[in-house]
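Please look over the structure below before reading on. The notes that follow are meant for a first visit.

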Amino acid sequence: MSMYKYIILLLYLYLPQVVLAYGLKFYSTDRPITLRTSYKVFDQIHPVFQDRMNIEFDMALYPVAEIGSVIRIKTGDNSKIFNLFFDIHGKDALFRLNQEGKSVLISMPVDKAEMTKDHWFKVKISFVLNRHEITLKVYNQERTCHGILLPDKLTPDIVFGRSDYIIDVPSIAIRQLKVSGKKTYTFPLNETKGNEVHASDGQIYGRVDNPIWLINEAYHWHKETNFTSSQEAGNCFRAKTNEVYYFNRDTLYTYQTLSGEKTARAYANPCPVPLFLARSFIDDKSNKLYIYEVYHEKPKTGPTIASLDLKTLTWTAESYEQLNMQMHHHASFFDAERNRDIIFGGFGNMHYSSKFYTLNTTDKRWRGLDSLKGDTICPRYFSAMGYLKDKQSLYIFGGMGNESGDQVVGRRYLNDFYRINLNKGQITKLWEIPAENINTVPARGMIMLNDSSFYILRYPESVSHSFLKLYQFSVKDGSYRILADSIPILSDKITTNAHLYYNERQSQLLVTVQESKDDISSTLTIYSLMFPPVTYDEFTGLTFNHSHHFWIWLAIIAMVIIVAFIIWIVKRRHKSQEEEEEFFIIPKMEEKEEPIDESNLSSSIYLFGNFSVFDRKKRNITYMFSPRIKQMFCLILEYSKEEGISSKLLSDLIWPGKSKDKVKNSRSVAINHLRKILSELDGIELVYEKGYFKLILNQEAYCDYLRCMEIVSDKTIREHQKEFLTIISRGKFLQFFDDPAFDRFKQDIEFQLENIIMKECEPAFKEHDYQTVLDLTQAEFNIDPLNEVALSFHLKVLFILKQKNTAIISFQRFISEYKQTTGKDYPQPFSYFWH
């Protein structure tokens with residue numbers, strides 16, 4: 001890899017943690033007074049402003065409570081108090097800047113729909129002290145009030161939300177707060193938890209009570225609502241009105257994403273199309289919902305295409321035309337410019353399709369796009385399709401299929417990416433990336449906001465109880481990031497589907513998951529995620545042990561310099577491995593795959609080294625464990641050696657600081673997810689008795705931690721030495737957690753293991769069982785990398801085996817770790833161990 005690519009990779013990995021800004025959402029008047037949000041900007045430090053003070057921030061509205069105090073500003077001596085009050089008057093949002101107890105200084109109506117079209121809008125309050133004037137700017141409106149007697153200096157007390165007797169708090173969110181004069185104080189409001197608020201330089205300035213940190217809504221999918229239908233149904237999202245539609249032949253169900261309102265309306269006449277796959281699209285020009293079946297399975301007959309007038313709820317049969325085969329899980333996109341729906345691929349009659357078809361809303365006929373030229377896309381289904389208006393191009397990613405299109409030949413999981421230029425009729429293969437260990441397919445929908453990357457959902461469709469994961473792929477080369485946590489999906493039936501949408505108005509991603517147990521009845525669940533979403537590392541990295549941005553940037557620069565220097569060194573040195581070792585150059589160690597006992601793969605769980613779980617069919621299902629589920633599982637397992645863990649302790653450890661109602665709901669959802677995952681294994685059960693959660697394992701299930709403790713407690717180390725060494729050689733116990741909640745657990749296990757390891761070294765050395773000594777000492781270094789007794793045994797064995805160069809490398813690694821940990825040079829020379 002070139003130096004340039006290393007630098008780009010480092011910036012790609014670390015920059016998102018620096019630049020993303022999410023914000024603070026407020027609990028409003030729908031909550032008890034003491035539970036409403038109150039944010040005091042300067043609680044720890046109180047700066048002084050002279051001549052001028054500007055307060056500016058981004059603001060967003062939510063429908064729960066549309067009246068109340070946004071911000072309250074007290075002068076240092078409290079002689080004057082100003083507040084910005086917000087209310088809804090018809091179609092306008094009315095902002096009033098008041099001098100408390102005296103008068104309204106500025107009253108400013110702003111068109112609500114226009115102001116909130118991008119969700120966030122800007123607010124600025126400027127105090128020009130020496131000119132005795134205050135200016136309020138909201139969105140594109142600005143007004144100034146003159147002649148307000150203001151002091152020459154301000155030591156302001158600035159409070160958002162609830163403040164003293166001001167208890168009416170509107171449903172709002174704020175982000176990117178700046179308070180400036182001669183010096184600017186910037187507050188990204190990027191905390192993930194807690195009450196302390198940091199400025200962009202990492203310094204704690206403020207405090208907030210009852211916060212909702214929006215970064216959580218960019219990582220955790222929020223379940224909005226669900227619907228059920230006892231008959232065949234379909235769904236779609238209408239971006240123009242921010243509505244999700246769920247429809248069957250009798251009723252149109254609607255979920256309004258802005259207001260959260262749910263409605264169910266009967267049609268004026270029944271839907272004329274017998275539904276099965278119930279695919280659909282919205283034509284905003286005609287205000288119609290179109291549904292279609294590409295093919296009727298016998299004995300079904302009747303229209304295949306119909307439209308619903310969304311104003312009158314009247315159905316019209318549009319066509320009886322159908323294709324020559326069924327197209328399960330075909331990809332689709334509605335091309336509003338050309339008044340046509342485009343579909344690609346699909347599966348039916350034991351064949352995969354590679355054809356493109358269009359359905360024109362003018363003549364309601366299917367036509368093949370046979371004029372396309374260029375690269376060939378092999379037959380497939382389960383593909384994702386997206387569109388970029390600027391490029392006038394469709395894009396297709398992945399799926400399942402084969403070159404022949406014949407199901408009998410078998411199928412491949414595809415990870416390729418194509419562009420179809422609609423103006424030129426040209427297909428271009430952009431890239432293909434290697435297959436992964438876990439076979440996944442994309443769900444419906446591809447979000448492309450520009451030509452640099454796209455977002456899709458992927459899941460292992462062959463697993464009954466699986467999870468949808470959000471991916472962001474590079475358009476250029478197929479590199480990707482996995483974002484947010486996961487969404488559960490029951491994928492047993494062919495009509496089960498998931499669809500990813502982008503809700504521009506609310507800056508969020510929407511996912512509809514329609515699940516069926518019989519291909520007739522179904523449940524539709526709607527999820528949302530704040531946009532842009534974050535990775536797990538970005539989410540945990542923003543927990544504001546937040547380093548100063550200066551130090552983050554310094555660390556990035558240092559890393560780039562170090563990598564560049566290493567590359568320079570490597571390029572200069574082409575000597576043999578032996579020469580490098582003689583000069584104490586530490587080579588990069590080959591990454592070894594952690595040893596796993598193949599005989600124990602079925603229904604097995606591994607906690608040493610990397611966390612790994614295999615189901616009853618020996619399939620790796622580790623991906624199903626989101627960080628939160630993994631944390632919950634390990635906590636319950638830790639306490640299962642006794643009576644279990646109480647629901648209260650579990651909640652306190654995983655959701656500290658959350659309200660009781662929210663914790664109860666989150667815990668219930670997480671427990672259900674965990675139970676679903678564990679149902680893929682035999683011999684393990686999660687039980688709840690007398691207020692305690694507990695895991696029960698029988699002989700059908702295997703857990704390396706439990707088996708290790710069984711060997712230790714039975715004092716049968718010698719009899720099961722090979723198995724014991726295999727377990728502890730995988731790596732450090734719970735190395736995937738750096739969570740204080742597990743410190744005691746890890747220390748207890750490591751204490752037991754360390755005593756045994758060091759005790760077993762002496763007899764193994766005396767019996768000339770040198771490989772066992774090396775395995776034991778390496779395991780000890782996983783626990784305590786500075787154990788000098790282990791180092792002594794390790795080096796002596798290498799000397800005996802005449803592996804001096806390896807001994808040098810091991811010693812160099814030890815003294816490097818010693819220096820890094822203690823800050824001192826290791827006192828013994830290499831020759832001390834040689835003799």
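**Notes on selected sites**

1. E760 touches I717, R718, Q721 and L776, leaving aside residues up to four places away in sequence; contact here means heavy atoms within 4.5 Å. E760 sits in helix α11, residues 743–766. Helices (H or I, at least four residues) and strands (E, at least two) are DSSP runs, numbered from the N terminus. E760 counts as buried because its relative accessibility is 13%. The cut-offs are these: buried is under 20% relative accessible area, exposed is over 50%, and partly exposed lies in between (1.4 Å probe, protein chains only).

2. A word on the basis. This is a predicted model, in which local features need pLDDT of at least 70 and side-chain atom pairs count only at pLDDT 80 or more, while totals for chains, interfaces and linings use all residues. Residues are numbered from 1 along each chain as its sequence is written, and side-chain values use heavy atoms, with hydrogens and water left out.

3. Strand β4 covers residues 52–61. Eight of its 10 residues are buried, so β4 is largely enclosed by the rest of the structure. Two strands pair if DSSP finds at least two bridges between them. β4 pairs with β9 in the antiparallel sense, over eight bridges. In that pairing, E56 stands opposite K124 in β9. β4 also pairs with β14, again antiparallel, over seven bridges. There, M59 stands opposite I174 in β14.

4. Q176 lies within β14, residues 172–180. Q176 is partly exposed, with a relative accessible area of 31%. As background, side chains in a regular strand alternate between the two faces of the sheet.

5. H119 is another non-glycine residue with a positive phi, here about 75 degrees. H119 is found in the loop between α2 (112–115) and β9 (121–128). Is H119 buried or exposed? H119 is buried, at a relative accessible area of 8%.

6. Check the cis peptide bonds as well. One runs from K298 to P299, with omega near 10 degrees. P299 is placed in the loop between β25 (288–292) and β26 (305–309). A cis peptide bond also joins F531 and P532, with omega about 5 degrees. P532 is in the loop between β46 (522–530) and α3 (536–541).
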